[in-house]
Amino acid sequence: MIREIMHSIAASLTLRRRADPARPIDGPTATEIVNLSAGVQGRAAQRSYSRDGLGARCNFIDAVKFRYRCAAADRLISRDNNPARELRKPPKQRSPRRPLTPAQLAEINKAAATTGVDPALDTLILRLHTETACRRGGSIALRPCDLDTTQLTIRLREKGNTVRDQPVSPTLMTALVAHTQHRAPELDKTAQLLRHRNGTPIALAYSHQLWKKLGRRLPWVATLGVTSHWLRYTTLTWVERNFGYAIAAAYAGHSQVSDRSGNTLTYVGATIDEVATALAALTGEPHPPALTPPQ
């Protein structure tokens, strides 16, 4: 997606520093860029869960604005001649994601456990996302050295260079340790943890293929466009309903002050003990730092 966007930009906008530029970077007008973004939206792939290419258009606008900011910073253009300066993204639509029901989660896990070439890996990844509400990048970045078997936590490194220690159940910790021992016993502790049966690390595309396979087995998964992020959505909704916003924010890794969370979390941010308490209630398994035992 990003590569295609940048190719579209490069085809339309040429930097001054080229020997014989067909068009300088400040040549296109704001109207032309808007029309180009509309074309990107019109060419976007259409899926059952897509929103008419709106995401592709927003990504294109972000890329164009970034390119022009760099051009202005490099003094290739003046800030006043930046045609993307007033460019605005279309209003963001409400996400179609919603919490999955217990029955739907059970269907997904059953399908993963009984189909495919590597059900052990599939079910482990599903449990990891469901229990920790981690993002896809967080699961890919997980390393053996990130497992703390004493405190029952894993260190998640996700977008925005955020790092946090997330409590996990004894069952999940045991499964992660066993996965490493069986699939790459001589593995460097700083290498990627999740691996295929032949010992090679999984790629980001693995998640897409997993949900594509589950969609063939469960048509409603394909119709709704369920992905690993739906598991995060489901878990965080449950935590918020049962333990409140501050604990849900910490569970999600949103506890740091940001434009989205505001300043309130500076004062009411949840502790890891409170996150562990929510986890214990979610999984029904005890956890060392948990404040209260699971009911």
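**Figure 1. Overall content of the predicted model.** The secondary structure of the protein comprises 13 helices and 3 strands. The model shown is predicted. Of its 295 residues, 42% count as buried. Among contacts between residues at least 6 apart in sequence, 58% join residues at least 24 apart.

**Figure 2. Close-up of the crossing of helix 4 and helix 8.** Two packed helices are described by the angle between their axes and the distance between the axes. Here the axes of helix 4 (residues 102-114) and helix 8 (residues 205-217) come within 10 Å and cross at roughly 105°. Helix 4 is therefore roughly perpendicular to helix 8. On the side of helix 4, the contact involves Ile-108, Ala-111, Ala-112 and Thr-114, which meet Trp-211, Leu-214 and Arg-217 of helix 8. By residue class, this contact of helix 4 with helix 8 divides into 5 nonpolar, 1 polar and 1 charged.

Figure 3. Leu-126 is a residue of helix 5. Its relative accessible area is 1%, below the 20% limit, so Leu-126 counts as buried. Leaving aside residues up to four places away in sequence, Leu-126 touches Ile-108, Asn-109, Ala-112, Leu-210, Trp-211 and Leu-231. Ile-108 and Ala-112 also take part in the contact of helix 4 with helix 8, as does Trp-211. The C-alpha atoms of Leu-126 and Ser-207 are separated by 9.7 Å, although the two residues are 81 residues apart along the chain.

**Figure 4. Close-up of helix 13 and its surroundings.** Helix 13 spans residues 272-283, a total of 12 residues. From its first C-alpha to its last, helix 13 reaches 16 Å, close to the 16 Å expected at 1.5 Å a residue. Val-275, Ala-276, Thr-277, Ala-278, Leu-279 and Ala-280 are buried in this helix. The elements that cover the buried residues of helix 13 include helix 5 (119-132), strand 3 (162-167), helix 10 (228-243) and helix 11 (245-252). Gly-284 follows helix 13 and has a positive phi, near 75°.

**Figure 5. Close-up of the aromatic pair formed by Trp-238 and Phe-243****.** The structure holds 1 aromatic pair. The ring centres of Trp-238 and Phe-243 lie 6.0 Å apart and the ring planes stand at 50°, so the pair is classed as tilted. Trp-238 is partly exposed, with a relative accessible area of 31%. Phe-243 is likewise partly exposed, at 28% relative accessibility.

Notes:
Residues numbered from 1 in each chain as written. Predicted model: local features only at pLDDT ≥ 70, side-chain atom pairs only at ≥ 80, totals over all residues. Heavy atoms only, no water. Phe/Tyr/Trp six-rings, centres within 6.5 Å; stacked < 30°, edge-to-face > 60°. Buried < 20%, exposed > 50% of the residue type's maximum accessible area, 1.4 Å probe, protein only. Helix = DSSP H or I, 4+ residues; strand = E, 2+ residues; numbered from the N terminus. Expected span 1.5 Å × (residues − 1). Contact = heavy atoms within 4.5 Å. Axes fitted to C-alpha atoms, helices over the stretch in contact; angles between N-to-C directions. Parallel < 35°, antiparallel > 145°, perpendicular 65-115°, else oblique. Nonpolar A, V, L, I, M, F, W, Y, C, P; charged D, E, K, R; others polar.
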